[in-house]
Structures are given as C-alpha cells and as structure tokens.
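Subject: Structure for your review

Dear colleague,

Please find below the structure that I am handing over to you. My findings follow it.

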Amino acid sequence: MSKSNFTLADNRDNNEDKGGYVPSCFFHENELAYQEQLGLYRRGYLHPVAVTDIIRPDPSTSATRSQDAPSGYRVLHKLGAGGEATVWLAQELDRLDRIVSLKIFSARFFSAGEREARALKACMRSPSTPFSQNVLSLLDDFTISGPNGTHKGHVTEVLMPLRKLSPILPTERKKEVARDIVRGLAHVHHCGFVHGDIHIGNVGCAMPPQFAEEEVKSTMSLLDRYDVTMVITENPASRSTSLPPYLLSPCDLLSVYKDYDGLEAHQAARLYDFGNARRVGEENGTDAARRAYPPPEVAFGHYGCGGLTVLPTMAGDIWCLGALIIKLFTDQLIIRDPTIRYLLQQAMLDGVIPPAWRDYWDSVEYLRSKSDQISPEKADADWLRRRAYFMEKNPQNDDAEIDLLFTLLRRMVAADPETRPSVDEVLTHPWFSDDLATRAAALTVGSSLGPATHPASDSRIGTHISH
C-alpha cells in the first residue's frame with residue numbers, strides 16, 4: 001500500500017484536484033511516520049474512520065456479494081495507511097469471534113480497488129492450485145459512500161507485514177519466505193495477471209493459528225495503546241465531516257504475532273496490494289500505474305522517452321522480485337536514487353549502457369560524464385561487494401550457495417527485460433529447490449558470478465520501450 005517518493009510519468013495523477021481544502025487545525029503537523037497526512041481527508045480522497053465505527057456496504061453492492069456475506073464490520077484498530085487507502089483491524093458483526101483486515105480505498109483510487117478485486121478473484125485460493133495459498137485471500141468486497149466520495153472496501157485475512165518481520169527472521173526463514181513469494185508470483189502469472197508493484201511492503205505472512213483461535217478480547221489486550229493525534233480545527237465553524245476525529249498510528253501487530261508463537265512456525269508469505277495488477281496484454285481502460293520501485297524500462301520510459309508510460313509486465317515483476325530478494329536478505333535497496341541517477345545505477349549494475357538508452361544517454365551531460373564508471377569489470381567488482389555484504393548479513397550460507405543465488409539475481413535485475421528469466425525458471429532454479437540432490441548437483445558443478453548476457457542490439461529492449 002505504501003508508495004515511495006519515486007515520481008515517474010506513470011506515477012502522476014492527471015485529474016484536476018476538485019477536493020476543496022482542509023481547514024487549518026491545531027496539532028495536525030505530527031511527525032509520526034505511520035500517521036497519514038491530514039490533507040488526504042477531503043472530498044475525493046480518504047474516507048474518515050474512527051475506532052468503533054460500523055462499516056456497512058452500500059445496498060447497491062449487494063448483488064455482487066455472497067448471500068451469506070457479513071452485514072458489516074466494526075473497526076477495532078488501525079493496521080496501516082497510505083495515500084491510496086487506509087487498512088483497519090475489524091470484527092465481523094455477524095461473527096464477533098472473527099477478526100479481519102478491512103481496506104478502504106481513497107475515492108481517488110476507486111479503480112485501483114476494482115483492479116485489485118478483479119485480480120484477487122482470478123487468483124482465488126484453491127486446493128487444486130497449491131501456490132494460490134501464497135496470494136492474499138479476498139473474503140469480501142463492496143462499495144461504501146461517505147463525505148469524501150465513493151470508496152471500494154476489501155475484506156481479507158490479517159497478514160503480518162514482511163517489512164516489520166524481516167529484521168528478526170533468520171536466514172533460513174527468509175529463504176522460505178522468498179520461495180513463497182516466487183510461488184505466489186508464479187500463481188499470479190499462471191492466472192494471466194501481472195502484479196505490477198512487487199516490493200517488500202507488498203508482502204505479508206499469515207498470522208499464527210492461535211490468532212484465529214483466541215478470543216477477540218485476548219488479542220486486543222496484546223495490542224499497544226491507541227496513539228492518536230487529535231484533529232481540532234482552529235475555527236470551530238470549520239469543523240468538517242470530511243475529517244476524522246483523530247489520526248491513529250497502526251497497532252503493534254508484531255507483538256501479537258510473536259506472543260502467538262508466529263516465529264516458531266512457517267511464515268507462509270503472501271503477495272498483496274494488487275491495485276496495480278493488470279491482465280497480461282491489457283493496455284486500455286485503466287488509469288496509470290503507480291509503482292513504488294519501478295523496473296528500469298519504466299524509468300527509461302519516463303526520462304528517455306519524454307514521459308512515456310510503460311505498463312506493468314511479467315518481466316517487470318521479475319526485476320522487482322530480484323530487488324525484493326536483495327532487500328529481504330540485506331535490508332538494502334538495489335537502486336537508491338529516484339532521479340535520473342537511477343539510469344546510471346542500473347547501467348552500473350549491468351556493466352554496460354543498454355543500447356536502447358545510448359542516444360538519450362549521450363544527449364544528457366550528467367550521464368555522458370559518468371560513462372567511464374560503467375564497465376563489466378566495475379560491475380563484477382560491485383556485485384562482489386554486494387556478495388560480501390550478503391555474506392556478512394547471512395553468515396549461515398556457504399560460498400557456493402551464495403554464488404548460485406547471485407548468478408540468478410544478476411539475470412533477474414538485468415536492464416533488458418528479454419534476458420530476465422520467467423517466474424517458472426526462477427521457481428525451478430536450484431537455489432529454490434526443496435530437493436537436496438538437485439541443489440547438491442548445482443553446487444558441485446558450481447556457478448559463475450559473472451554478468452548477465454548483454455544484447456548486441458536494442459531490438460529486444462525496444463519491444464518494451466517504443467515511441
């Protein structure tokens with residue numbers, strides 16, 4: 001749900017801001033990173049929510065819901081928030097012992113909610129498709145109306161965000177999580193969809209069984225206190241129903257996860273946040289993609305092709321998957337700079353300037369002046385530094401196994417989409433294999449930490465970036 005500050009052409013919203021303004025308030029300039037901006041609560045944006053609110057679907061959506069769907073949900077606490085949605089810990093009204101996650105999209109991103117629901121329904125969990133368990137389960141979806149507009153609401157299982165969990169996971173557990181993520185993406189691709197925005201903030205792990213078995217009262221007693229910033233308008237007459245009564249920080253779900261012995265069980269990772277998802281080949285009838293960490297073809301479309309929008313692709317998912325694996329094991333972003341320097345850093349990763357980028361590269365003085373920093377030898381040295389840091393952070397891995405992984409990662413994060421492996425190739429790679437004999441054979445043969453194959457021309461890259 002959260003988005004980075006990386007702004008590309010397809011991150012921009014071309015709609016006119018018709019949402020009015022937020023009146024001046026006391027104490028609204030909070031510095032808490034996990035409270036959303038008060039300015040997002042105005043017409044056309046976020047729906048104001050408070051703890052104990054009852055959220056009931058609009059009757060107009062009843063035709064698309066199951067007949068035994070709950071009549072509504074009571075808000076218990078906050079799970080998270082961003083510019084596109086808020087996410088709440090909620091309780092089913094018709095089954096008070098059941099806790100769920102309730103996501104309420106901003107009116108501005110109603111279409112993202114529709115895309116997410118469509119993708120999750122297409123990837124619905126099934127016993128006949130075991131990898132479907134590595135994709136978030138959609139339990140209910142509906143529409144609600146409020147002072148700020150019409151909003152999509154999604155009800156799902158509660159997940160423990162990987163972003164908060166990964167710093168305390170041992171290496172072997174991280175490998176299990178990585179394998180689950182690849183399996184989830186394989187299921188999404190097999191269902192004919194592209195995720196479009198894979199990163200560590202869009203992965204969660206199933207809550208331990210005790211979470212569903214315990215009484216709601218027991219779970220609530222484990223959560224931290226309600227950390228709020230009151231919303232008080234300077235002028236009493238300016239009080240608006242568009243505003244919530246307060247801004248609320250997310251609850252400490254990690255303490256619940258640990259108390260219910262979540263660290264002792266398989267983490268069962270799942271992909272979520274499908275607001276960017278598209279059917280393969282879909283180009284029309286959807287608004288622009290918004291990516292937290294875009295693949296290089298997207299960055300080049302923005303900088304090198306006059307703001308060209310590059311829609312999500314399976315190859316783009318693979319690049320993001322490789323970047324996610326590096327982040328999971330090292331807590332480092334593979335590319336750190338959301339400016340034109342992004343192109344420089346990608347070229348340094350590859351060790352060559354992609355041929356399709358050459359004309360633009362030579363026309364920009366900054367990039368042209370850095371050309372001497374790019375060579376296969378420098379790329380090899382950079383990857384060896386990354387490998388050493390990986391080993392430092394994950395000392396349980398032996399040299400041969402890390403070489404095996406890094407050879408795969410270099411292919412996954414190549415600038416040329418056509419040279420990246422498919423998700424099935426990643427999934428069957430010896431590093432992910434459960435079969436010890438397969439892994440042993442691969443480790444015995446050994447693997448080179450050399451660079452990925454570079455194209456001799458720009459024909460393949462051009463199939464993804466064209467004017």
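Arg-386 and Asp-382 are separated by about one helical turn, because they stand four residues apart in helix H12; helices here are DSSP runs (H or I, at least four residues), as strands are (E, at least two), numbered from the N terminus. This is a predicted model, in which local features need pLDDT of at least 70 and side-chain atom pairs count only at pLDDT 80 or more, while totals for chains, interfaces and linings use all residues. Residues are numbered from 1 along each chain as its sequence is written, and side-chain values use heavy atoms, with hydrogens and water left out.

Arg-386 and Asp-382 form a salt bridge, with the closest N and O atoms 3.0 Å apart; the term requires a side-chain nitrogen of Lys or Arg within 4 Å of a carboxyl oxygen of Asp or Glu. Arg-386 is buried, at 16% relative accessible area (buried is under 20%, exposed over 50%, partly exposed in between, with a 1.4 Å probe and protein chains only).

A second salt bridge, at 3.3 Å from N to O, joins Arg-358 and Asp-362. Arg-358 is partly exposed at 34% relative accessibility, and Asp-362 is partly exposed at 33%.

Asp-140 and Arg-65 also form a salt bridge, their closest N and O atoms being 2.6 Å apart. This pair links distant parts of the chain, 75 residues apart: Asp-140 lies in strand S6, and Arg-65 in the loop between strands S2 and S3. Both residues, Asp-140 and Arg-65, are buried. The structure holds 22 salt bridges.

Yours sincerely
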